[in-house]
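Please open the model in a viewer and keep the selection panel at hand.

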Amino acid sequence: MKTKAVLEFSDVAAIAAAAYAEAVKNHWAVSIAIVDDGGHLLSFQRLDGAAPISSHIAPGKARTAALGRRESKVYEDMINGGRVSFLSAPHLDALLEGGVPIIKDGQCLGAVGVSGVKSSEDAQIAKAGIAAIGL
């Protein structure tokens, strides 16, 4: 039997705080979602001024990154490159940059999804959060 690391509450809190700090530092009104490896919501923040739709997109980006075990940008790039049939993939939504998996020792522990600013800035916020736990 194999064992793997899992996100603990303190990890999620650290990721959320660092992602929040990155957004606030840059004056970005976003929603930030953190999910486990099955795409189940562990934490959600909608900052003041964030568009209401971002509260649906951020968890979708996180879920897509966790279930796919890769950044959601990979899917956006595939679709933009002409592989539109990927839009029919089950249980993956918000196929846009801004969902980043949390990987440790080659295993996905979950993901962070951010929505509200440019997609590259969403990803920047997610990566800043993940960096807070040394990954």
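Begin by selecting helix H3 together with helix H2 (54-68) and strand S3: the buried residues of H3 pack against both of these elements. Packing here rests on contact, meaning heavy atoms within 4.5 Å. Helices (H or I, at least four residues) and strands (E, at least two) are DSSP runs, numbered from the N terminus. The model is predicted, so that local features need pLDDT of at least 70 and side-chain atom pairs count only at pLDDT 80 or more, whereas totals for chains, interfaces and linings use all residues. Residues are numbered from 1 along each chain as its sequence is written, and side-chain values use heavy atoms, with hydrogens and water left out.

Next, within H3 (residues 72-80), display Ser 72, Tyr 75, Glu 76 and Ile 79, the buried residues of this helix. They lie on the same side of H3, because they cover an arc of only 100° around the axis; the arc is that of the directions from the helix axis to the C-beta atoms. Buried means under 20% relative accessible area, exposed over 50%, and partly exposed in between (1.4 Å probe, protein chains only). Just after H3, select Gly 82, which takes a positive phi of about 110°.

Now move to strands S3 (residues 99-104) and S4 (residues 107-115), which run antiparallel and are joined by six bridges. Two strands pair if DSSP finds at least two bridges between them. Select Ile 102 and, opposite, Gly 110 in S4. S3 and S4 form a hairpin with two residues between them, and Asp 105 in the turn has a positive phi of about 55°.

Finally, select Ser 43 in strand S2 (residues 41-46). Ser 43 is buried, at a relative accessible area of 15%.
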